[in-house]
Amino acid sequence: MQERKRLEQALASDAEVTRMTSDLDTLFELAREGENVNGDLEREIKQFSERLETLETGMLLSGPNDSKSAILVIHPGAGGTESQDWAEMLLRMYLRWAERHGFQATVTDRLEGEGAGIKSATVEINGQDVFGLLQPEIGVHRLVRISPFDANARRHTSFASVFVYPQIEDDINIDIKPEDLRVDVFRASGAGGQHVNRTESAVRMTHLPTGIVVQCQNERSQHKNRASALKQMRARLYEYEMDKKRAEEKKLEDSKLDINFGSQIRSYVLAPYRMIKDHRTKLAIGDVDRVLDGDLDRLMHAYLVYKHTGKLAGDGKEGKEELPD
């Protein structure tokens with residue numbers, strides 16, 4: 001059903017691009033005939049550009065887990081109420097982002113802060129490509145603002161970390177293909193009687209893709225030894241898959257950064273000026289309120305392009321070049 005939904009969305013996107021292209025062709029034709037359609041052209045070109053950017057984002061999601069749903073975890077950094085309030089602002093931002101895209105988001109764990117904000121939050125977000133889209137958000141997010149909790153209205157800097165895990169199914173289906181197995185039979189050695197030592201009842205089984213080898217020779221019947229070896233092979237392959245999952249989880253854990261100065265991926269400045277800047281892609285956006293309300297598509301797209309091509313989205317000169325400490 002998920003694959004069917006994905007294909008239906010792809011077909012709908014193709015039809016939409018075809019329609020938008022036709023509309024643009026019509027407007028250009030009217031312009032050549034002397035009609036004043038500048039306003040319509042600007043609007044249509046902007047919508048067309050945004051649509052192509054969305055399609056490009058989908059093409060950049062090529063990782064093994066990018067298509068999966070995700071689990072998002074938010075933790076405030078040091079700073080007490082300030083950072084806890086910032087963590088709650090980030091939680092709202094991602095919930096609004098999920099709502100904008102029609103994803104199902106459920107807060108599965110939320111630990112309230114002392115006085116305001118949250119000490120931690122965990123959100124399950126279900127939908128196509130959610131993990132791939134949220135990968136650019138992994139890291140430390142920095143907020144600079146006039147503190148609403150400071151009676152002297154001083155400027156404060158707060159930090160919070162965001163981490164994202166792919167939702168992996170608990171059940172691992174061990175499907176052993178016959179062509180992936182090499183089965184060797186041989187005479188058993190050791191105690192077991194005349195029949196065991198004279199017939200090829202022992203079985204050695206090799207799983208060719210992984211190189212895992214098991215063997216069984218304690219039964220008089222080759223069929224029983226084969227069944228026992230296959231059972232061992234399933235157990236070994238299950239553990240092999242679990243080891244791969246644990247290695248992926250460790251790799252994700254190792255990629256976490258400390259929640260402090262110098263490790264932030266993005267800064268959100270609300271005072272003395274208003275700007276959001278991604279320190280990896282150099283993209284700077286002046287419409288802070290729109291981003292905090294869940295419009296993260298430009299930031300996500302810029303990072304995915306940077307990750308795959310190394311191309312920066314901007315020079316960081318929209319607004320101020322240097323961010324305040």
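Is Trp86 buried or exposed? Trp86 is buried, with a relative accessible area of 0%; here buried means under 20% relative accessible area, exposed over 50% and partly exposed in between, using a 1.4 Å probe and protein chains only. The views below come from a predicted model, in which local features need pLDDT of at least 70 and side-chain atom pairs count only at pLDDT 80 or more, while totals for chains, interfaces and linings use all residues. Residues are numbered from 1 along each chain as its sequence is written, and side-chain values use heavy atoms, with hydrogens and water left out.

**View 1. Trp86 meets Tyr268 as one of the 4 aromatic pairs in the structure.** Rings of Phe, Tyr and Trp (its six-membered ring) pair if their centres lie within 6.5 Å; planes under 30 degrees apart count as stacked, over 60 as edge-to-face and the rest as tilted. For Trp86 and Tyr268 the centres are 4.9 Å apart and the planes stand at 65 degrees, so this pair is edge-to-face. Trp86 belongs to helix 3 (residues 81-101) and Tyr268 to strand 9 (residues 264-269), which puts the partners 182 residues apart. Helices (H or I, at least four residues) and strands (E, at least two) are DSSP runs, numbered from the N terminus. Tyr268 is also buried, at a relative accessible area of 0%.

**View 2. Trp97 and Phe103 form a tilted pair.** Their ring centres lie 5.4 Å apart with the planes at 50 degrees, hence the label. Trp97 is buried at 0% relative accessibility, and Phe103 is buried at 16%.

**View 3. Arg145 is a buried arginine in strand 4 (residues 139-146).** Its relative accessibility is 8%. Leaving aside residues up to four places away in sequence, Arg145 touches Glu82, Asp85, Met89, Arg154, Arg155, His156, Leu270 and Ala271 (contact means heavy atoms within 4.5 Å).

**View 4. Strand 7 (residues 202-207) pairs with strand 6 and with strand 8.** Two strands pair if DSSP finds at least two bridges between them. Strand 6 (residues 181-186) runs antiparallel to strand 7 and is joined to it by 6 bridges, with Val203 as the partner of Val185. Strand 8 (residues 212-216) is also antiparallel to strand 7, through 5 bridges; Arg204 partners Gln215, and His207 stands opposite Ile212. The hairpin of strand 7 and strand 8 has 4 residues between the strands, and Gly211 takes a positive phi near 80 degrees.

**View 5. Asp293 forms salt bridges with Arg92 and Arg100.** A salt bridge is a side-chain nitrogen of Lys or Arg within 4 Å of a carboxyl oxygen of Asp or Glu, and the count comes to 20. The N to O distance is 3.0 Å for Asp293 and Arg92, and 3.8 Å for Asp293 and Arg100. Asp293 sits in the loop between helix 7 (288-292) and helix 8 (297-309) while Arg92 is in helix 3, so their pair ties together parts 201 residues apart in sequence. Arg92 is partly exposed at 45%, and Arg100 is partly exposed at 41%.
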